[in-house]
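Here is a short report for someone meeting this structure for the first time. Please look at the sequence and the model before reading on.

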Amino acid sequence: MMRKMISLVLAITLAACTPVEGPPDRRAGNLGALPAMKTFAATRVTPPSRPNADIARDFIELTFRMESGRVLPALTRFEGPVRVALRGPVPGTARADLDRLIARLRSEARIDIARAGAGEPANLTLEFLPRARLQRTVPLAACFVVPRAETFAEFRRGRRRGSSDWAVTTPRQAVTIFIPSDVPPQEIRDCLHEEVAQALGPLNDLYRLPDSVFNDDNFHTVLTGFDMLILRMTYSPELSSGMSEAEVAARLPNLLARLNPRGVRASGRPARENRAWIDAIEDALSPRSSPTLRRQAAGRALGIAQSQGWTDPRLAFSHFTMGRVALAREFDLALSSYMEAAALYSARGTEVQRAHVAMQLAAFALSSGRPEVAIEIADTNAPVALRAENAALLATFLLVKAEALEALGRPQQAEAVRRDSLGWARYGFGPDAEVRARAREIGALRPRLTNVEGGQ
């Protein structure tokens with residue numbers, strides 16, 4: 001796959017400046033009435049593939065560290081049943097997505113969690129409120145979770161007093177998640193998965209993890225097999241709130257041998273987090289940084305990854321980040337960076353990450369007059385997006401494919417693919433106006449004059 005992807009991108013590069021001619025232009029501007037929203041059914045769960053010794057190290061760092069690097073003194077979790085309540089203007093899709101998540105947590109992580117019944121007290125509350133109100137208080141957070149605050153007003157008061165400190169939360173008794181009510185259904189679902197998982201278990205994220213939502217790269221959006229194993233470990237009878245890091249570490253080998261017998265094998269070289277690299281990545285992706293500072297930060301991150309000799313996902317993500325920050329001003333650098341990221345992700349078999357890079361490459365192919373290449377990339381990666389339950393990514397691949405089919409003079413096939421994409425786009429992008437705007441953006445990528453044979 002790696003060699004094939006590189007050959008496709010080389011074809012894109014060679015054709016990027018080639019003028020082409022073809023049939024009358026057609027655009028995705030008039031979509032008519034949008035089809036019904038599509039949603040996902042059963043989740044495909046893949047068990048973790050790393051050795052148990054590596055998973056044990058991941059568990060310790062996820063459980064006893066904060067994202068800031070601060071060390072937590074003890075294991076903290078709920079002791080007893082977890083009952084969930086909803087408050088505020090709950091969006092229509094949120095209840096169904098929450099029920100699916102709770103069902104998975106019960107069956108896969110073996111946690112006693114359920115929606116609170118009438119009159120039953122809740123110890124985990126999901127409060128929905130407008131995004132603008134949320135971001136006036138926490139500007140860069142899409143959603144977040146806090147202990148010992150039952151309402152948003154209480155959180156704002158307690159924030160000044162430091163009462164939302166996880167380090168003194170043993171065991172967890174009252175936790176609230178704040179989620180925007182006016183964002184696309186997929187964004188709400190992603191918040192449910194990430195924040196409910198954090199409310200129940202780990203408070204940290206690790207960039208080195210290839211198969212987890214506990215990773216700030218945001219490639220995985222629903223809880224994976226690895227994530228469910230981490231939560232099952234957290235709530236296993238061998239552990240309890242108040243245990244020290246040493247006490248937990250001593251129990252992990254036997255615990256993992258019981259829960260994940262396929263992982264009983266030798267470990268590879270341990271991977272360690274690097275604060276300088278994390279700071280550089282955060283600066284590169286920060287909307288508050290200028291383009292120049294973001295470009296410099298991306299260069300620092302890539303330099304650190306290369307100098308450390310990393311082969312884990314952090315090196316690929318460094319190239320991916322460089323591609324993102326270079327896209328507006330340095331096309332050649334962006335393309336080569338995405339090629340490097342695609343090759344690294346392909347070599348490691350991390351298909352979800354590879355699909356995100358491939359989406360960029362499909363857009364390059366379409367805009368450079370290589371529709372047949374765009375279709376091949378979309379056909380290869382759309383099933384990955386479907387398995388990952390990423391409707392926004394899936395809809396984008398299908399929209400690219402529809403435009404590529406138009407470019408090849410196959411309008412009926414293009415229309416069928418476009419209609420399929422729009423159902424997923426309504427879940428991934430939200431309001432009809434946003435769906436139409438995304439379709440227009442993809443349509444604008446296609447050159448106005450194209451060759452029926454793909455410009456060859």
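Ring pairs join ten aromatic side chains into a cluster: Tyr207, Phe219, Trp277, Trp310, Phe317, Phe320, Phe331, Tyr338, Tyr345 and Phe364. The model is predicted. Across the whole structure, a search finds 17 aromatic pairs.

Take Phe219 and Phe320. Their ring centres lie 5.3 Å apart and their planes meet at 70°, so the pair is edge-to-face. Phe219 sits in the loop between H6 and H7, while Phe320 belongs to helix H11 (residues 313-326). The pair therefore ties together parts that are 101 residues apart in sequence. Phe219 is buried, at 3% relative accessible area. Phe320 is also buried, at 7%.

Next, a helix contact. Helix H6 (residues 185-200) packs against helix H16 (residues 411-429) at an angle of about 55°, with the axes 4 Å apart. That angle makes H6 oblique to H16. H6 contributes Pro185, Gln186 and Arg189; H16 contributes Arg426, Tyr427 and Gly428. These contact residues divide into two nonpolar, two polar and two charged.

Now confidence. The chain averages a pLDDT of 88, and 89% of the residues score at least 70.

| Stretch | pLDDT | Contacts beyond near neighbours in sequence |
|---|---|---|
| Residues 1-26 | below 50 | 49 contacts |
| Residues 449-456 | below 50 | 27 contacts |

Where pLDDT is low, the predicted coordinates should not be read in detail.

Key: Residues numbered from 1 in each chain as written. Predicted model: local features only at pLDDT ≥ 70, side-chain atom pairs only at ≥ 80, totals over all residues. Heavy atoms only, no water. Axes fitted to C-alpha atoms, helices over the stretch in contact; angles between N-to-C directions. Helix = DSSP H or I, 4+ residues; strand = E, 2+ residues; numbered from the N terminus. Parallel < 35°, antiparallel > 145°, perpendicular 65-115°, else oblique. Contact = heavy atoms within 4.5 Å. Nonpolar A, V, L, I, M, F, W, Y, C, P; charged D, E, K, R; others polar. pLDDT = per-residue confidence, 0-100. Phe/Tyr/Trp six-rings, centres within 6.5 Å; stacked < 30°, edge-to-face > 60°. Buried < 20%, exposed > 50% of the residue type's maximum accessible area, 1.4 Å probe, protein only.
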